[in-house]
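Please look at the sequence and the model shown here before reading on. The notes that follow take up each chain in turn and then the place where they meet.

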Amino acid sequence: MSDERGGVFGRGEEFLKFFSRGMEFSKELLQENEKLRRKLGQLQTQQVSAAQNPDEWAKLRLELSERIEGLEVERDSALERLREVEMENHHFAERYVEVEEENNALANLYVASFQLHSTLDISEVLKIILEIVINLVGAEVFAIYVVDEKTNRLEAVASEGEPLSVFPRVPMGSGVIGTSVGSGDTWCGDVSGSDDYATPIACIPLRVEDVSIGAIAIYRLLQQKERFTPLDHELFTLLAGHAATAIFSSRLFANSERKLNTIQGFIDLLTK
Amino acid sequence: MAKHRILIVEDSPTMRQLLVFALKRLKDVDIVEAQDGMDGLRKVTSDEFDLALIDINMPVMDGLKLVSLIRGEQNIADMPIVVVTTEGAKEDRERALALGANEYLTKPIQANKVLSVAKSLLKVG
């Protein structure tokens, strides 16, 4: 009997413990439910508040739109500036190339001019003209003609690429060379080359004070030289004047030297 | 910074002056001129150079002979050499490069091209 009572009490205590745990769990659920209700209430309040202030949203949207527009203008301006800087760079690069070309031209012209007036010896002057035409113009076959005042013909006095004997004597005013020298105008033809020594591919008359004293006739360019460049034409202009005066001066100097020697000979003869 | 020493071997005074004119745009450069291959050989074997510019068609000794002699001389065999010439044929270029030239420039030359090649071989900016 007492065993039965003990068993009933034991089960009763277990039931009470189970019941109290269930009660605690129910309390926790109720607390959680309350928290969620509060949270939901807050969110509903915020939503209602936002819905009740559309001006605030519009203001904010406007500010953001203006800011976006401002940034777009800034971006366009930066892109425009970038384009300008790129164009400036391109312009500077082109200018740099031009300046380099001008430097090259000036270097060639300076050297040519310097060398032409570095001597009064006619053979040296002719050698220098040959060097300039070979090295600075790039000609392979050419001749320097000088006017023979007695016969009024042009006669080759120096040449490159072919012996002097192949170049014809040219009457003034006749053919390409004679006409060019007569008119004083540089003549340029087909640069592919000419084996006809009466018809060069270029003829540069040499003139001192509007008087032609000779010419440079070019018949063939070096293999790697395809055409005459603007620098070549500048060199032709320089040669037309400076080579002419160099030849003229050296001839005058040679004549005066000869006369001086003759006079000195007479003086020596008379004073002995 | 040590000066770069450059030897120009060229029989034409006009070309020598033009090459000097071009190379003087380099900073700290000392340029020595020789008027033919033999003169060039004397100078290159008795002095130290960082670069040589050599013409091909020259009296006494031509430029290609000088290039091959330099390449055969142990002390100066690695000196950079630029051949400057009127000879524009492909086989002339190949021959010069095969003999040991580093660069091959044909006349008429441009001063800025010479300068650019010299800068490259001297490894200067």
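**Two chains in a predicted model**

Read from the N terminus on, the elements of chain A follow the order α-α-α-β-β-β-α-β-β-β-α, where helices (H or I, at least four residues) and strands (E, at least two) are DSSP runs, numbered from the N terminus. The model is a predicted one, in which local features need pLDDT of at least 70 and side-chain atom pairs count only at pLDDT 80 or more, while totals for chains, interfaces and linings use all residues. Residues are numbered from 1 along each chain as its sequence is written, and chains are lettered from A and ligands numbered from 1 in the order in which they are written.

**Chain A as a whole**

- The secondary structure of chain A amounts to five helices and six strands, and its C-alpha atoms fill a box of roughly 185 × 55 × 50 Å along the principal axes.
- Chain A has a radius of gyration of 52 Å, whereas a compact globule of 272 residues would have one near 19 Å; this radius is taken over C-alpha atoms, and the globule rule is 2.2 Å times the number of residues to the power 0.38.
- Among the 272 residues of chain A, 25% count as buried, a term that requires 20 or more other C-beta atoms within 10 Å of the residue's own, while exposed means 12 or fewer and partly exposed lies in between, with C-beta atoms placed from the backbone.
- In chain A, 56% of the contacts with a separation of 6 or more are between residues 24 or more positions apart, and two residues are in contact if their C-beta atoms, placed from the backbone, lie within 7 Å.

**Arg169 in chain A**

- Arg169(A) is found in the loop between strand E2 (153–160) and strand E3 (170–171) of chain A, and it counts as exposed because it has 11 C-beta neighbours inside 10 Å.
- Leaving aside residues up to four places away in sequence, Arg169(A) touches Arg153(A), Leu154(A) and Glu155(A); the C-alpha atoms of Arg169(A) and Arg153(A) are separated by 6.4 Å, although these residues are 16 apart along the chain.

**Chain B and its sheet**

- Chain B holds five helices and five strands, which from the N terminus on run β-α-β-α-β-α-β-α-β-α.
- The radius of gyration of chain B is 13 Å, close to the 14 Å that the globule rule gives for 125 residues, so chain B is as compact as a globular protein of that length.
- Of the 125 residues of chain B, 42% count as buried.
- Five strands of chain B form an open sheet with parallel pairing, in the order E2-E1-E3-E4-E5, where two strands pair if DSSP finds at least two bridges between them.
- Strand E2 (29–34) and strand E5 (103–106) of chain B stand at the edges with a single partner strand each, so one side of each is left without a neighbour in the sheet.
- Strand E4 (residues 81–85) of chain B runs parallel to E5(B) and is joined to it by four bridges, and Val83(B) stands opposite Tyr104(B) in E5(B).

**Where the chains meet**

- The contact between the chains involves 17 residues of chain B and 20 residues of chain A.
- On the side of chain B that touches chain A, the elements giving two or more residues are helix H1 (13–23) and H5 of chain B, and H1(B) gives the most, with seven residues.
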